[in-house]
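Subject: Structure for your review

Dear colleague,

I am passing on the structure below, and I would be glad if you could read the notes that follow with the coordinates open.

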Amino acid sequence: MKFNSAQIQRKIQPLVNKISNNRYLKAMMGGMMAAMPATIIGSLAALLKSLPIAPYQNFITSNGIDKYLQLPVTLTTNILALIFVFCITYSLVESFEQKGIGPSVVAVISFLILTPLQATKNSWGQDVSVIPMDWLGSTGIFTALIVAFVVGRLYVSIVERGWTIKMPESVPPFIKDSFSSLIPGIIISTIFVIISAIFASTSFGSIHEFIYKLLQAPLQQLGGSFGAVIVVAILAQTLWLFGIHGSMVVMSVMMPIWVALDTANLAASSAGQPVPNVIGQNFFSLCTYGGTVLGLAILMLTAKSQRFKMLGKLSIVPALFGITEPLIFGTPLVMNPVFALPFVFGNVISLILGYIATIAGFIPKLTGIAAPVGTPIIIKGFIVGNWQTAVFQFVLILIWIGLWYPFFKIADNKAIKEESGEVQEQ
């Protein structure tokens with residue numbers, strides 16, 4: 001039976017397109033990316049607070065600077081669910097071609113309505129209620145996703161039905177926008193008050209507890225397992241092999257799970273507690289930086305064929321920054337049986353090595369500190385981990401070179417013959 005890759009692509013592509021173009025998945029990814037400044041600010045503050053330099057640590061501790069470095073962590077990473085509610089709602093409503101500020105504010109209010117208050121006393125001894133941080137960070141991320149989707153969709157439906165306050169044309173737009181959000185906001189917040197009251201009367205105490213125990217915790221346990229990360233790696237690269245952006249498809253599903261795990265790591269690390277999770281978004285990107293094709297780019301610099309030598313010169317710098325499209329489509333790696341094995345299973349090998357290195361203690365569990373997108377390899381390893389993690393990424397590069405070498409030699413020799421006219425290029 002002849003292998004027909006084009007036919008397979010035609011069958012898979014509609015399903016992949018449906019997933020990647022799903023309005024809610026796109027809103028989730030767009031919202032989480034919009035919240036990136038908060039995660040970067042929190043990560044940089046955590047990095048400055050935790051630099052393993054004894055004189056530096058003594059200085060910031062003795063002068064109380066460590067407490068102020070903790071503030072950006074507490075007010076970014078530890079309230080990330082609240083930030084996600086706003087950003088994801090905004091992204092979803094904008095996809096319906098409506099203004100997102102009003103519904104995003106309503107979503108934040110709705111999320112806080114669902115969050116149980118905590119009784120305490122203020123500095124004057126008066127009884128007050130405060131919002132605990134428990135559900136505003138990593139443990140509240142799935143609730144944040146659900147609230148954002150529900151509020152965004154309800155708001156759009158209400159507005160489309162015309163249930164808004166109409167203002168004269170002479171009224172300034174910002175005032176009209178404020179009043180147009182009033183009726184949808186009242187309806188939606190009332191619904192969430194009722195939901196909060198219903199769950200408060202159950203054994204769970206709140207919808208946060210319900211969602212975390214029945215949905216988020218089981219998914220994190222599954223998605224944070226070693227087996228799951230291997231399956232994700234194979235699936236993503238297999239889709240890439242057929243010309244489909246596998247990373248985008250798979251990560252749109254795994255992102256909330258892995259971001260929650262990373263956020264939990266950062267919260268624990270900044271509080272001086274043991275880091276709980278090995279797997280997460282940072283772990284996956286650390287081990288699979290650019291899909292291992294940096295090794296191929298380095299080999300191309302030594303190519304004997306003019307075609308691959310030129311491609312190596314053009315792609316090496318982008319590859320150092322994790323940009324791999326020039327290699328994927330220029331080699332090409334798509335639909336190319338010569339490079340299929342290293343392309344699909346290179347990530348798997350890297351993840352296995354990373355997991356073993358972490359469990360064995362050669363590299364630390366990643367604390368959840370996020371490096372900016374496009375941070376060069378090795379520097380990225382130092383930022384998200386430490387010097388040992390940076391060394392690990394350097395070792396990975398050497399392994400990637402060895403992994404791609406025999407397959408690259410086959411392709412390079414074929415390209416030499418094609419350039420010399422010995423064989424006709426297919």
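Predicted model: local features only at pLDDT ≥ 70, side-chain atom pairs only at ≥ 80, totals over all residues.

The largest pocket holds about 1300 Å³ of space. Its lining is made up of 46 residues, of which Met251, Gln281, Ser285, Val373 and Lys380 are the closest to its centre. Two or more lining residues come from each of the elements α2 (23–34), α3 (36–50), α6 (80–95), α12 (226–241), α13 (246–270), α14 (281–287), α17 (325–330) and α18 (340–359), and α13 gives the most, with eight residues. Sorted by class, the lining of this pocket consists of 24 nonpolar, 19 polar and three charged residues, which may be of use to you when you consider the pocket in your own calculations.

Helix α6, which is listed among the contributors to that lining, also packs against helix α7 (residues 101–114), at an angle of about 145° and with the two axes 8 Å apart. The crossing of α6 and α7 is right-handed. On the α6 side the contact is formed by Ala81, Leu82, Val85, Phe86, Thr89, Tyr90 and Val93, and these meet Ile101, Pro103, Ser104, Val105, Ala107, Val108, Phe111 and Leu112 of α7. By class, the contact of α6 with α7 comprises 13 nonpolar and two polar residues, with no charged residue. In the loop between these two helices lies Glu97, whose phi is near 60°, a positive value in a residue other than glycine.

Strands β1 (residues 118–121) and β2 (residues 127–130) run antiparallel and are joined by four bridges. Within this pairing, Gln118 has Val130 of β2 as its bridge partner, while Lys121 is partnered by Asp127. Five residues lie between the strands of this hairpin, in which Gly125 takes a positive phi near 85°.

One peptide bond also deserves a look when you prepare the model, namely the one from Thr331 to Pro332, which is cis, with omega near -10°. Pro332 is found in the loop between α17 and α18, and both of those helices give residues to the lining of the largest pocket.

With kind regards

Technical notes
Residues numbered from 1 in each chain as written. Heavy atoms only, no water. 1 Å grid on protein atoms, 1.4 Å probe; cavity = no way out; pocket = protein on both sides within 12 Å on 5 of 7 lines; lining within 4 Å. Points joined across faces, edges and corners; volume = space filled by probe spheres on them. Nonpolar A, V, L, I, M, F, W, Y, C, P; charged D, E, K, R; others polar. Pairing = 2+ DSSP bridges. Axes fitted to C-alpha atoms, helices over the stretch in contact; angles between N-to-C directions. Left-handed = near helix turned anticlockwise from the far one by under 90°. Contact = heavy atoms within 4.5 Å.
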